[in-house]
Amino acid sequence: MSTTGATADPLAALGSLPGVADSVETVRKAVDRVYGHRIMRRRSTAITSEAALRGSRGSAALSGADWALEEVRRRSDFGADDEARVVGAALRLTAEAGQLLSIWRQSPLRVLARLHLVAAATGGDEVGRPRRSDEAVAEPLIELPLPSADEVSGRLEGLSELILAGSSAPALVTAAVVHGELLALRPFVSHNGLVARAAERIVLIGSGLDPKSVCPAEVGHAELGRAAYLAALDGYVSGTPEGMAAWIAHCGRAVELGARESTAVCEALQRGAA
């Protein structure tokens, strides 16, 4: 996303694109439905924990480790093979995201570095910093042209400036831009998809839209499918108003489906308590 232009608040300008206001309103109603559930009022911690697990599973699925929920729930060893390591990284990122809210407001780039460090869980020099020009990126499921290291540096700085400046844009718009920009840039040598979705989660929580983190967008992204995810990302990368609006709407639908998932969990707990 270009951070230059006629408007001082480019995120707010995106909020005025055709169809975006409808997506924002639909998401708000879905989130309100979860938060208004009587089980949510009594057992929010349990709903948050279940949403974290399901969100982790969804994010891992989009990165190539499509495990059944019960498999994620029962496993304790996440270092056995590549898929297990992806699931383990997704779980660690979800656990870490809620602890980084205050830092995000002060230094988004520091948070992104931390997220990559947590995801990679290795001590290599390439971990926790943007990639260099001579470094390859292991992100085989995203086949978009890879921006240069110089472009990555400039656009990350621009993204950070947008976040620090604040915006009147709805939380959904900001979250979608953060998510899309990180996928487009793939700033790290690995785990960019997982990091991008964790950053989206941080924005949704920190904005106040989903403060208890019970509307996991990762669930919705996985449910909509990888093909739809990548097609919507193409729209973001195009930079056209139609493409940007389609990406924001896709992210909105993902949040809506995440909210629906937690509403179903609330209903199941209510039936169990009856």
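So, charges: the mean positions of the 29 positive and 33 negative charges of the protein sit 9 Å apart. Lys and Arg count as positive, Asp and Glu as negative, with His and the chain ends not counted; each charge is placed at NZ of Lys, CZ of Arg, CG of Asp or CD of Glu.

Before I go on, this is a predicted model: local features need pLDDT of at least 70, side-chain atom pairs count only at pLDDT 80 or more, and totals for chains, interfaces and linings use all residues. Residues are numbered from 1 along each chain as its sequence is written, and side-chain values use heavy atoms, leaving out hydrogens and water.

Now the fold. We've got 14 helices and 0 strands, taken as DSSP runs numbered from the N terminus (H or I, at least four residues, for helices; E, at least two, for strands). The C-alpha atoms fill a box of roughly 60 × 45 × 35 Å along the principal axes.

How much of the protein is buried? Buried residues make up 51% of the 274 residues, where buried means under 20% relative accessible area, exposed over 50%, and partly exposed in between (1.4 Å probe, protein chains only).

And for those of you thinking about cysteines: a search of the whole structure finds 0 disulfides, a disulfide being a pair of cysteine sulfur atoms within 2.5 Å. C215 is in none, and its nearest cysteine sulfur, that of C266, is 9.5 Å away. C215 counts as buried at 3% relative accessibility, and C266 is buried too, at 0%.
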